[in-house]
Amino acid sequence: MRHDPLWVNQAIRKIEADFQRSADTHLIKLDIPAIEGIDLYLKDESTHPTGSLKHRLARSLFLYSLCNGWIGEHTTIIESSSGSTAVSEAYFARLLGLPFIAVVPRRTARKKIEQIEFYGGQAHFVDDPCQIYDESRRLAEKLNGHYMDQFTYAERATDWRGNNNIAKSIFEQMQLEAHPIPTWIVMSAGTGGTSATIGRYIRYQMHDTQLCVVDPEHSVFHDYYLTRNPALKGERGSRIEGIGRPRVEPSFIPDVVDDMRTIPDAASIATVHWLEKLLGRKAGASTGTNLYGVLQLASDMKARGEQGSIVTLLCDSGERYLDTYFDTDWVASNIGDIQPYLEQLAVFEQTGQLS
């Protein structure tokens, strides 16, 4: 269907104007004396208008869909999401005056559902996280809408060569640092789109930086990286919202990844509690997954007597998870004992080594 070109032009202009009003996100340097000579940075994606890294993805997906002729002035937008992408897409749908439906797992954090609704969207719940794909397609067909399908289009909607992507931003912000070319960039994978963008950009710019992708428990990405078996299926969804998948997503590109490791969920949660003491504010659990991987790499570098820098992302604010990852009873019931990892982090802070 060909949509009104005047409306499409106006829609693209609105999204581009919104981008022009936005500032870049901060790069925060962590002060950990025990690893002197190894500098750690968090790119704070929680400061986007919709509060997470997914704001970039949602903008790219809308522009991609508009330019492909998939969205018109009466199109209902549907997305399968664990929350953050849906929040950001609801924002852009409201900007364009379009209805938005998020197909989300029933256990998605209540705060995210409230934010989707705040931007005028609605949540459509499924009990099994693996149902989000088929249910999104069903709704799109029923409503004559457009299924954005972040899991397929994330890696192709973003221009990995530059054009204000997150990789370009990281390297520009690092230019005056002691180690301006990071030794490592660490990224967790939800769709795989951000890791694909960063890995491609590193190669395109001929940097020596290596990309490490960290995966939570109950995700198939790490096993796929090792086996290249695209038929892998998980039995349950990830307990770390926003990252990890029960199936191999089309946007995950393993060949741009230099190293991959699985981070225990208890380590992820312990790390965001530890980080709160360093920053004075809360971050989401996926940030804990990222940062624990960073600390593992830093520990290895120190043991080898190396110096350099490591960059990762602060993906979203922990204020979205006060009733889950920052609730002691919820953590005990759903994640388990995080105390052993808190003790490891205390040792790291003193020695620069993870036990």
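The legends below describe close-up views of a predicted model.

Residues are numbered from 1 along each chain as its sequence is written, and side-chain values use heavy atoms, with hydrogens and water left out. Because the model is predicted, local features need pLDDT of at least 70 and side-chain atom pairs count only at pLDDT 80 or more, whereas totals for chains, interfaces and linings use all residues.

**Figure 1. Salt bridge between R106 and D127.** A salt bridge is defined as a side-chain nitrogen of Lys or Arg within 4 Å of a carboxyl oxygen of Asp or Glu; the count by this rule is 25. In the pair shown, the N to O distance is 2.6 Å. R106 lies in the loop between strand 4 (100–105) and helix 4 (110–118), and D127 in the loop between strand 5 (122–126) and helix 5 (132–143), so the contact ties together parts that are 21 residues apart in sequence. Helices (H or I, at least four residues) and strands (E, at least two) are DSSP runs, numbered from the N terminus. R106 is partly exposed, at 47% relative accessible area, while D127 is exposed, at 61%. Here buried means under 20% relative accessible area, exposed over 50%, and partly exposed in between (1.4 Å probe, protein chains only).

**Figure 2. Salt bridge between E241 and K112.** The N to O distance is 2.9 Å. E241 belongs to the loop between helix 9 (221–227) and strand 9 (259–262), and K112 to helix 4, so the pair ties together parts 129 residues apart in sequence. Both E241 and K112 are buried.

Figure 3. E276 is partly exposed, with a relative accessible area of 24%.

**Figure 4. The largest pocket.** On a 1 Å grid over the protein atoms alone, a pocket is an open set of points with protein on both sides within 12 Å along at least five of seven lines, whereas a cavity is a set of points where a 1.4 Å probe fits but cannot get out; lining residues have an atom within 4 Å of a point. Grid points are joined across faces, edges and corners, and a volume is the space filled by probe spheres set on the points. The volume of this pocket is about 670 Å³. Its lining has 39 residues, with R56, L57, R59, S60 and T158 nearest the centre. Two or more lining residues come from each of helix 1 (5–20), helix 2 (54–67), helix 6 (150–157), strand 7 (184–188) and helix 8 (193–204). Helix 2 gives the most, with 6 residues. By class, the lining has 12 nonpolar, 19 polar and 8 charged residues. Ala, Val, Leu, Ile, Met, Phe, Trp, Tyr, Cys and Pro count as nonpolar, Asp, Glu, Lys and Arg as charged, and the others, Gly among them, as polar.

**Figure 5. The largest cavity.** A search of the whole structure finds 1 cavity of 30 Å³ or more. The largest cavity holds about 230 Å³ of space. It is lined by 24 residues, the closest to its centre being S82, G242, I243, G244 and R245. Helix 3 (84–96) and helix 6 each supply at least two lining residues. The lining comprises 7 nonpolar, 13 polar and 4 charged residues.
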